[in-house]
Amino acid sequence: VKRFAMQENPNLETVSLPAGLEYIDFWALGDCPRLKIIECSATTPPDMNPNAFGDDLTKITLYVPHGSVDAYRNAPEWKDFPDIVASPPAAK
């Protein structure tokens, strides 16, 4: 996700990040006051700038693939999200 890609979007509530994502740049999703949910489909946490999501991560729930929660909780930058949970399994 490019630098400042969705910065200061007052209406953004949910973001879905694809499995093939490799890097999230500086302030790509910073200062989005309504952002509550980030769904990251990558099983391995992508690299990211320390300020990719701005300063306050306390209101954001990070959903990650089932089985990847510990990887995100231990990954640099991602571990700063206080609420990291497994996404529900896909319906068959």
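In which loop is Glu77 found? To place Glu77, start with the order of the elements. This is a predicted model, and its chain has one helix and six strands. Read from the N terminus, the elements follow the order β-β-β-β-β-α-β. Glu77 sits in the loop between α1 and β6 (83-86).

Glu77 also has a backbone angle to look at. Its phi is near 75°, a positive value in a residue other than glycine. Glu77 counts as partly exposed because its relative accessibility is 22%, and the buried class is limited to values under 20%. Asp31 is another non-glycine residue with a positive phi, here about 60°. Asp31 lies in the loop between β2 (23-24) and β3. With a relative accessibility of 46%, Asp31 counts as partly exposed, since exposed requires a value over 50%.

Next, the interior. Of the 92 residues of the chain, 39% count as buried. In soluble globular proteins, nonpolar side chains tend to be buried together. The largest nonpolar core here has 25 residues, and those touching the most other members are Leu17, Ile24, Phe53, Leu62, Trp78 and Phe81. At least two residues of this core come from each of β1 (14-17), β3 (37-40), β5 (61-64) and α1 (69-74).

Apart from its neighbours within four places in sequence, Phe81 is in contact with Ile38, Met48, Phe53, Leu57, Ile60 and Leu62. For the chain as a whole, 45% of the contacts with a separation of 6 or more join residues 24 or more positions apart.

The accessible surface of the chain is about 5500 Å², and 49% of it belongs to carbon and sulfur atoms.

Note on methods
Residues are numbered from 1 along each chain as its sequence is written. This is a predicted model: local features need pLDDT of at least 70, side-chain atom pairs count only at pLDDT 80 or more; totals for chains, interfaces and linings use all residues. Side-chain values use heavy atoms; hydrogens and water are left out. A nonpolar core is a set of buried Ala, Val, Leu, Ile, Met, Phe, Trp, Tyr and Cys residues joined through side-chain atoms within 4.5 Å. Buried means under 20% relative accessible area, exposed over 50%, partly exposed in between (1.4 Å probe, protein chains only). Helices (H or I, at least four residues) and strands (E, at least two) are DSSP runs, numbered from the N terminus. Contact means heavy atoms within 4.5 Å. Accessible areas come from the Shrake-Rupley method with a 1.4 Å probe; for residues, only the protein chains shown count as cover.
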